[in-house]
Amino acid sequence: LVNQVVLALIQAIRGRDGSFSSIERLGAGSYYEHVKISEPDEFDIMLVMPVARLQLDECDDTGAYYYVSFKRNPREKHLLKFLDEDGKLSAFKMLQALREIIKQEVKNIKNVEVTVKRKKAGSPAITLQIKNPPADISVDIILALEVQQSWPPSTQDGLKIEQWLGRKVRGEFRNKSLYLVAKQNKKEKVLRGNTWRLSFSHIEKAMMNNHGSKKTCCESDGPKCCRKGCLKLLKYLVEQLKIKHTKELDKICSYHVKTAFFHSCVMWPDDRDWHLGDLEYCFQKYLGYFLDCLEKSHLPHFFIPKYNLLSPEDKASSDFLSRQINYQLNNGFPIFQ
């Protein structure tokens, strides 16, 4: 159902003679990494625009957010109308234009009822709601730029996978394109909507789907491990706690769980560290690391080590989650019953 809707939209967007005619689709997020838990009712679809060369300027000290401008005489003349008065490519303007097109085009989709949900402040997504009784499906459409150029300096010491997946794999990953998603940087004094955030979801997906230090881990004839089992358990735990304590845990998201997972894979790089039969022991080990991050309010972004995903201003959320998890841990995880 989702594919049918997204395909119809992409064809319609491309068919218009406009700025988005080169758009491509990239499935991202948990569904495509095969670590989706509970119902398949939420999907993330990245709509990717290839761009030739960009000038990237860091807009703060995280190393994750950038102002984007064009080098001289860009090939992408159709994007010049999205520049702001300083010549920066405005994520806000591009999203607004794409949103308008999608709002018009969903009306033409036959035999499925699709609506565009109201814009959420600060969210980079255009969210579609697909009627599918008994429950609706929501699809987040994320706009991304794809550039074939080397990754910025802030990523230099990230992706420490040499011991886990090997130096060669790290080199291959770092040669892949760079993606920038239209994402508002909350730290900006004036929210102008012209910032873009680095995205590595294509690499995350590749690591998830090929997660063993031996190349045969979890293949049909290879030995199975419990890495993904551990990730799913912690995702479920945090998701259930978020449902119960929505307000207190609004700063916590599944990306925190996933980042801690990648760090755990690096700390315990060997497939023998994740025997399928040792799920309980491995889960506790991974959970222990995650709790440690929460208590210290420190979880470095896996690709941008200087970017702390658990910033001190979100300490209340981290502390609350830490208390809730410790309660679960000490009482035999009633939430899993």
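Predicted model: local features only at pLDDT ≥ 70, side-chain atom pairs only at ≥ 80, totals over all residues.
**View 1. Packing of helices α5 and α6.** Helix α5 (residues 227-244) packs with helix α6 (residues 254-267) at an angle of about 150°, their axes being 10 Å apart. Helices (H or I, at least four residues) and strands (E, at least two) are DSSP runs, numbered from the N terminus. Axes are lines fitted to C-alpha atoms, for helices over the stretch in contact, and angles run from 0 to 180 degrees between N-to-C directions. The two helices, α5 and α6, are therefore roughly antiparallel to each other; angles under 35 degrees count as roughly parallel, over 145 as roughly antiparallel, 65 to 115 as roughly perpendicular and the rest as oblique. The crossing of α5 past α6 is right-handed, where a crossing is left-handed if the near helix is turned anticlockwise from the far one by less than a right angle, and right-handed if clockwise. From α5, Arg-227, Leu-231, Leu-234, Lys-235 and Val-238 meet Ser-254, Val-257, Lys-258, Phe-261 and Cys-265 of α6, contact meaning heavy atoms within 4.5 Å. By class, six nonpolar, one polar and three charged residues make up the contact of α5 with α6. Here Ala, Val, Leu, Ile, Met, Phe, Trp, Tyr, Cys and Pro count as nonpolar, Asp, Glu, Lys and Arg as charged, and the others, Gly among them, as polar.

**View 2. Packing of helices α5 and α7.** The angle between α5 and α7 is about 55°, and their axes are 9 Å apart. Helices α5 and α7 are therefore oblique to each other, and their crossing is right-handed. On the α5 side the contact is made by Gly-229, Cys-230, Leu-231, Leu-233, Leu-234, Leu-237 and Val-238, and on the α7 side by Leu-279, Cys-282, Phe-283, Tyr-286, Leu-287 and Phe-290.

**View 3. The annotated segment, residues 226-326.** UniProt, in an unreviewed entry, places the feature "domain: Mab-21-like HhH/H2TH-like" at residues 226-326; UniProt positions are given in the numbering used here, feature names are shortened, and annotations may be inferred rather than shown by experiment. Over residues 226-326 the chain is 61% helix and 0% strand, with the end C-alpha atoms 22 Å apart.

View 4. Trp-268 is placed in the loop between α6 and α7. Beyond its neighbours within four places in sequence, Trp-268 is in contact with Asp-273, Trp-274, Lys-285, Tyr-286 and Tyr-289. The C-alpha atoms of Trp-268 and Gln-163 are separated by 9.1 Å, although the two residues are 105 residues apart along the chain. Pro-312 counts as exposed, at 57% relative accessibility (buried means under 20% relative accessible area, exposed over 50%, partly exposed in between, with a 1.4 Å probe and protein chains only). From C-alpha to C-alpha, Pro-312 and Leu-249 are 14 Å apart in space and 63 residues apart in sequence.

View 5. Cys-217, found in the loop between α4 (201-209) and α5, is buried, with a relative accessible area of 9%. Apart from neighbours within four places in sequence, Cys-217 is in contact with His-211, Gly-212, Pro-223, Cys-225, Arg-227 and Asp-271. Ser-138 belongs to strand β7 (residues 137-147) and is buried at a relative accessible area of 18%. Not counting residues up to four places away in sequence, Ser-138 touches Asp-41, Glu-42, Phe-43, Thr-127 and Leu-128.

View 6. Most residues other than glycine have a negative phi, and most peptide bonds are trans. The peptide bond from Pro-133 to Pro-134 is cis, with omega near 5°, and Pro-134 is found in the loop between β6 (125-130) and β7. Asn-111, in the loop between α2 (91-106) and β5 (114-116), has a positive phi near 50° and counts as exposed at 75% relative accessibility. Ser-297, in the loop between α7 (279-296) and α8 (315-330), also has a positive phi near 50°, but Ser-297 is buried, with a relative accessible area of 6%.

Key. Residues numbered from 1 in each chain as written. Heavy atoms only, no water.
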